[in-house]
Amino acid sequence: MKRLRHLATTLLLSLPLLAAAQADDFPNKSIRIVVPFPAGGATDAAARLVATKMSEKWNQPVVVDNRAGAGGNVGSDFVAKSAPDGYTLVMGVTGSHAINTSLYSKMPYDPVADFVAISQVAVVPNVLVVHPSVPVSNLAELVALARREPGKLNYASLGNGTAAHLGMEMLKSAAGIEITHVPYKGSAPAVSDLLAGQVQMMVDGLPSALPHVKAGKLRAIALTSLHRAPALPELPTIAESYPGFYADAWSGLFAPKGTPKPVVDKLSAEVQRILKLPEVREKLAALGAEPVGSTQVQFAAHVKREIDKWGKVVKASGAKVD
């Protein structure tokens, strides 16, 4: 019995050393970053930037694996159930790791309990835009119009429960106005009908909306971010009228729960290093994204705040996906 206790104690004492040795040897094979959306979007582009720089630093392949479906749930669930060794990561976003837990009646994973936060990668500002036929030029005028004609104005979204939908629901609640929701299946048809004047406004990603704003085909009203964007420095934020308003899209890296802390520490430090590189920051800026590079603790706290915030919005809106 004494021998067994001695062996158990020896094993427990050796675990930290084993974990540290594992981190020293990490990575010794290819790393996979799962993007839970199709290739080509801002999240995919950010993941590929990080993957390229990781590969250059560690002389190991870092591949991006697009696994789309169920608003990011398919790819995220795949990673949640992968080996917790640091070799399979997910580029989680606002939907997959904050909104969906309240939106979906059944979730295959828990965004907090089943993952370890590594680092927030980027934030993509959203912008409220209107068709030029809408007789408003700023947020105050839009709110006043909506109050004069409750329910007569309408707004497009990329679909029920998306940040574009819930961002507008947040504004409706903050301003005490009623605007009718018209959900679409994706950005392309929503923007197409907005440009044609079939719908009157929408919240869209700044990179997507900016070309139409500059061409005069859409009018920018306000940003959903906490700070003004360099691309449109004169455009105010909704938070300037309604303090604390924040409805931007974000992305960040997560590992499966149980991944050794030294490995997570190494991954986090590398992501933070990458996001300080001038060429990476320039490329993200070209995508309309703002690099973050937070610590594990900062990112984990951010995720919990976002889950709480969006949960209240989902409940208030009545949005549900079965």
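This is a predicted model: local features need pLDDT of at least 70, side-chain atom pairs count only at pLDDT 80 or more; totals for chains, interfaces and linings use all residues.
**Entry 1: the six-stranded sheet**

I began with the sheet whose strands follow the order β2-β1-β3-β10-β4-β11, and I noted that it is open, has six strands and shows mixed pairing. At its edges I found β2 and β11, the latter covering residues 290–291, and each of these two pairs on one side only.

I then asked how many bridges join β1 to strand β2. I counted five bridges between β1 and β2 (residues 62–66), and the two strands run parallel. Within this pair, isoleucine 33 stands opposite valine 64 in β2. Strand β1 itself, residues 31–35, is mostly covered, since four of its five residues are buried.

Further along the sheet, I looked at strand β3 (residues 88–93) and strand β10 (residues 249–256), which pair in the antiparallel sense over four bridges. Here valine 93 is the residue that stands opposite serine 251 in β10. I also saw that helix α3, residues 73–80, packs on this sheet and touches β1, β3, β4 (115–124) and β10, while its direction makes about 145° with that of β3.

**Entry 2: the five-stranded sheet**

Next I turned to an open sheet of five strands, which I recorded in the order β7-β6-β8-β5-β9, again with mixed pairing. Its edge strands are β7 (180–183) and β9 (219–223), each of which pairs on one side only. From one strand to the next, the twist averages 30°.

Inside this sheet, strand β6 (residues 154–157) and strand β8 (residues 201–205) run parallel and are joined by two bridges. I noted tyrosine 155 standing opposite methionine 201 in β8. Helix α6, which spans residues 163–175, lies across β5 (126–130), β6, β7 and β8, and it runs at about 150° to β6.

**Entry 3: helices α2 and α10**

Last, I asked at what angle helix α2 and helix α10 pack. For α2 (residues 42–58) and α10 (residues 278–286) I wrote down an angle of about 165°, with the axes 10 Å apart. Angles over 145 degrees count as roughly antiparallel, and α2 and α10 are therefore roughly antiparallel to each other. The crossing of α2 past α10 is right-handed.

I listed the residues that make the contact as Ala46, Leu49 and Lys53 on the α2 side, with Glu279, Val280, Lys283 and Leu284 on the α10 side. When I sorted the residues of this contact by type, I had four nonpolar, three charged and no polar ones.

Terms used:
Residues are numbered from 1 along each chain as its sequence is written. Side-chain values use heavy atoms; hydrogens and water are left out. Axes are lines fitted to C-alpha atoms, for helices over the stretch in contact, and angles run from 0 to 180 degrees between N-to-C directions. Angles under 35 degrees count as roughly parallel, over 145 as roughly antiparallel, 65 to 115 as roughly perpendicular and the rest as oblique. A crossing is left-handed if the near helix is turned anticlockwise from the far one by less than a right angle, and right-handed if clockwise. Contact means heavy atoms within 4.5 Å. Ala, Val, Leu, Ile, Met, Phe, Trp, Tyr, Cys and Pro count as nonpolar, Asp, Glu, Lys and Arg as charged, and the others, Gly among them, as polar. Two strands pair if DSSP finds at least two bridges between them. Buried means under 20% relative accessible area, exposed over 50%, partly exposed in between (1.4 Å probe, protein chains only).
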